Amino acid sequence: MTDSGKFARISSLGKLHIYALHGYATEVMFTALWEFVVNLNWKFPGITSVWSFPIYGISGMVCERMFEYMSERKIPLIVRGLVYTLWTYCWEFSTGLVLKQFGACPWDYTPFHGDFMGLVTLEYAPLWFLGAILQEKVIIYYVKRLYVGPTQEEEQATSRNQSLSNGLDPKKTKVF
């Protein structure tokens, strides 16, 4: 919010938080669906790791910057999707490699045919591609348009202060 009480764009920290929450929730839903499809588990137990929160948050911020750069240059959607997918593989591999050093990597793709060191798998490429396009077209699109403004209490205080400065007593003013 600006000093004048007007609306302002959401902060980078706010965007980071939204991207992190979105990724975290998406992973829980994906693992629940996967558990149902593979094991017919009607409980839909979705799982993730607390490490996913910063991983998705930072990745979302990077994808937003890539979107800005590529859209300014009129790069086609298909190419942008491929760039996002490549980024996803690089990010998943590097963060997984770091976490693996501490025994904290929450994913293991060794059962998949296209895996590399158990940290990434080519079998997920179509999902990463579609997920990246959806992220650009929905999540990034709306996050970039978010504004924050004064709370209801701040609005009331501003209104009261303006009334007093105009010589009106808000307690004696009738509301129709």
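Biologist: Where is Lys-74 found?
Modeller: Lys-74 sits in the loop between helix 2 and helix 3, and helix 3 covers residues 77-101. Keep in mind that this is a predicted model.

Biologist: Is Lys-74 buried or exposed?
Modeller: Lys-74 is exposed, because its relative accessible area is 71% and anything over 50% counts as exposed.

Biologist: What about its backbone? What is phi of Lys-74 near?
Modeller: Phi of Lys-74 is near 60°. That is a positive value in a residue other than glycine.

Biologist: Why point that out?
Modeller: Most residues other than glycine have a negative phi.

Biologist: Which loop holds Phe-44?
Modeller: Phe-44 lies in the loop between helix 1 and helix 2. Helix 2 spans 52-72. Phe-44 also has a positive phi, about 50°, although it is not a glycine.

Biologist: New topic. Where does Thr-31 lie?
Modeller: Thr-31 lies in helix 1, residues 12-39.

Biologist: Which residues does Thr-31 contact, leaving aside neighbours within four places in sequence?
Modeller: Thr-31 is in contact with Pro-45, Gly-46 and Ile-47.

Biologist: What lies 2.8 Å from a polar atom of the Thr-31 side chain?
Modeller: The backbone nitrogen of Ile-47 does. There is also the backbone oxygen of Val-28, which lies 3.0 Å from a polar atom of the Thr-31 side chain.

Biologist: Staying in helix 1, what about His-17?
Modeller: His-17 lies in helix 1. At 42% relative accessibility, His-17 counts as partly exposed. The C-alpha atoms of His-17 and Pro-54 are separated by 8.7 Å. Those two residues are 37 residues apart along the chain.

Biologist: On to packing. At roughly what angle do helix 1 and helix 4 cross?
Modeller: Their axes cross at roughly 140° and come within 12 Å. Helix 4 is residues 125-143. That angle makes helix 1 oblique to helix 4. The crossing is right-handed.

Biologist: Which residues make that contact of helix 1 and helix 4?
Modeller: From helix 1, Lys-15, Ile-18, Tyr-19, His-22 and Phe-30. From helix 4, Leu-127, Gln-135, Ile-139, Ile-140 and Val-143. By class, the contact has seven nonpolar, two polar and one charged residues.

Biologist: How do helix 2 and helix 4 pack?
Modeller: Helix 2 and helix 4 pack at about 95°, with their axes 11 Å apart. They are therefore roughly perpendicular to each other. Gly-60, Cys-63, Glu-64 and Phe-67 of helix 2 touch Gln-135, Glu-136, Ile-140 and Val-143 of helix 4. Those residues divide into four nonpolar, two polar and two charged.

Biologist: And helix 3 with helix 4? How far apart are the axes?
Modeller: The axes of helix 3 and helix 4 are 8 Å apart, and the packing angle is about 115°. Helix 3 passes helix 4 in a right-handed crossing.

Biologist: Which residues meet there, in helix 3 and helix 4?
Modeller: Helix 3 brings residues including Leu-77, Ile-78, Tyr-84 and Tyr-89. In helix 4, Trp-128, Phe-129 and Ile-133 are among them. By class, this contact of helix 3 with helix 4 has 10 nonpolar, three polar and four charged residues.

How values were computed: Residues numbered from 1 in each chain as written. Predicted model: local features only at pLDDT ≥ 70, side-chain atom pairs only at ≥ 80, totals over all residues. Heavy atoms only, no water. Helix = DSSP H or I, 4+ residues; strand = E, 2+ residues; numbered from the N terminus. Polar contact = N/O pair within 3.5 Å; in protein donor to acceptor, adjacent residues only side chain to side chain. Contact = heavy atoms within 4.5 Å. Axes fitted to C-alpha atoms, helices over the stretch in contact; angles between N-to-C directions. Parallel < 35°, antiparallel > 145°, perpendicular 65-115°, else oblique. Left-handed = near helix turned anticlockwise from the far one by under 90°. Nonpolar A, V, L, I, M, F, W, Y, C, P; charged D, E, K, R; others polar. Buried < 20%, exposed > 50% of the residue type's maximum accessible area, 1.4 Å probe, protein only.
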